[in-house]
Amino acid sequence: MTDTGKITALVYGECLDGKLRRVALEALGAARRLAGDGGAVHAVVVGGGPGAALREAAAELAARGAEVVHVVDDPALAGFAPEAYAAAIGAAVDAAGASVIVLGHTAAGRELAPRVAARLGAGHVADVTAVEPPGDGRAASAVLTRPLYAGKAFEQRRLLPGARQVVTVRPNNLPAAEPVAAGAEGAVAALPYAAPPLWTVVRGIARKAGGTVDLAEADVIVAGGRGVRSAEGFAPLAELAAVLGGAVGASRGACDAGYCDYALQIGQTGKTVTPKLYIACGISGAIQHLAGMSQSRVIVAINKDPDAPIFGVADYGIVGDLFEVVPELTAQFRRMLANPGA
Ligand code: FAD
């Protein structure tokens, strides 16, 4: 917040495999709403080493409404090191004069946000799913909504004038920032980085499950439970997910049984997902599983037990054997997507 009461927000432009993540654009959209008409929005991208990836990410943020994108490019930041990245974001906060910092509620965002908040002595609002801009509705200040108790209740936090806040936004919940008019793009500026003393050094990151679509950002998830019966049983689910351009997920039951990696687990002790379409196959619908997926836009449940609790949250229920239903759905979707007008 500046002397004039205007909010300056800073967005962390998180990249994965050299590409800007979609949630970074959703964070930018949230920041534009939080700053309101009179406020300013900056962004920061962090990384190191050769290649144009950081510059491309910066250009995309600038083209979607970040007035200044700070580029912290240093060999020490080539790998994700939370302390170093938090320091780089802190430098950008100072450069921007930002009072509100917005990150994606991803593994990296969850690691960085409390570190940045502690550095700045700021508050922290995590896992935001809705943003009401200042001046709208009953509040003169922006209002942030976040789910509590695994989605059973919602809390609203008002962004008090002058308060410093670090906010994380849940992927797939908020609209991404739209491109601005040609000629109105923001500036891209290099920001020098002074490496702080580090307590931890990350030597490498091992990826356990390698789908082409990130589970947290997937528009479509085909999830399997213990009803899938084996690792091979996941093959028809993977095929359906591929046809729909989606990702494969799992219940803990399936992970515990060794059918798939825990990286796919959705639920209270796994990932929280909010895709446009969630297809639950052979999942009973235990409360701990629902905690991670019940906010999905459309839920389809396939289960041979008509009394399975999953049908209680499903928009569409199919009572049947998943090994018959899933291949049939795959064939139908394949046919429809090949002839969209038919
Ligand atoms: P089951 O409950 O065994 O259900 C299998 C379902 O498959 C049944 O409904 C059955 O009718 C159906 N089925 C079987 N064969 C077929 C077929 N051929 N076609 C169609 N349907 C079929 N669970 C999570 O998922 N995520 C979590 O994060 C999580 N965290 C937990 C945390 C705690 C502290 C605890 C105590 C538990 C947690 N659990 C979690 C476990 C949870 O309570 C359930 O045990 C688990 O979700 C059950 O997995 P499931 O639905 O795959 O298996």
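Tutor: Let us begin with Val11, which stands opposite Ala43 in β4. The model is a predicted one, in which local features need pLDDT of at least 70 and side-chain atom pairs count only at pLDDT 80 or more, while totals for chains, interfaces and linings use all residues. Residues are numbered from 1 along each chain as its sequence is written, and side-chain values use heavy atoms, with hydrogens and water left out.

Student: What makes strand β1 and β4 a pair?

Tutor: Two strands pair if DSSP finds at least two bridges between them, and strand β1 (residues 8-12) is joined to β4 in the parallel sense over five bridges. Strands themselves are DSSP runs of E with at least two residues, and helices are runs of H or I with at least four, both numbered from the N terminus. With strand β5 (residues 68-73), β4 pairs in the parallel sense over six bridges, and there the bridge partner of Ala43 is Val69.

Student: Why is strand β4 called largely enclosed?

Tutor: Buried means under 20% relative accessible area, exposed over 50%, and partly exposed in between, with a 1.4 Å probe and protein chains only. Eight of the eight residues of strand β4 (residues 40-47) are buried, so the strand is largely enclosed by the rest of the structure. Both faces are covered, with Ala40, His42, Val44 and Val46 buried on one side and Val41, Ala43, Val45 and Gly47 buried on the other.

Student: Why does Tyr149 count as exposed?

Tutor: Tyr149 has 65% relative accessibility, and therefore counts as exposed. Its place is in the loop between β9 (143-148) and β10 (153-158).

Student: How do you know that the buried residues of α8 lie on the same side?

Tutor: The buried residues of helix α8 are Leu322, Val325, Val326 and Thr330. They cover an arc of only 135 degrees around the axis, which puts them on the same side of α8; the arc is that of the directions from the helix axis to the C-beta atoms. These buried residues pack against α5 (235-243), β15 (277-281), β16 (298-303) and β17 (316-319), where contact means heavy atoms within 4.5 Å. The face turned away from the buried side carries the exposed residues Glu324 and Ala338.

Student: How does the span of helix α8 compare with the expected one?

Tutor: Helix α8 (residues 322-338) has 17 residues and reaches 23 Å from its first C-alpha to its last, close to the 24 Å expected, the expected span being 1.5 Å times one less than the number of residues.
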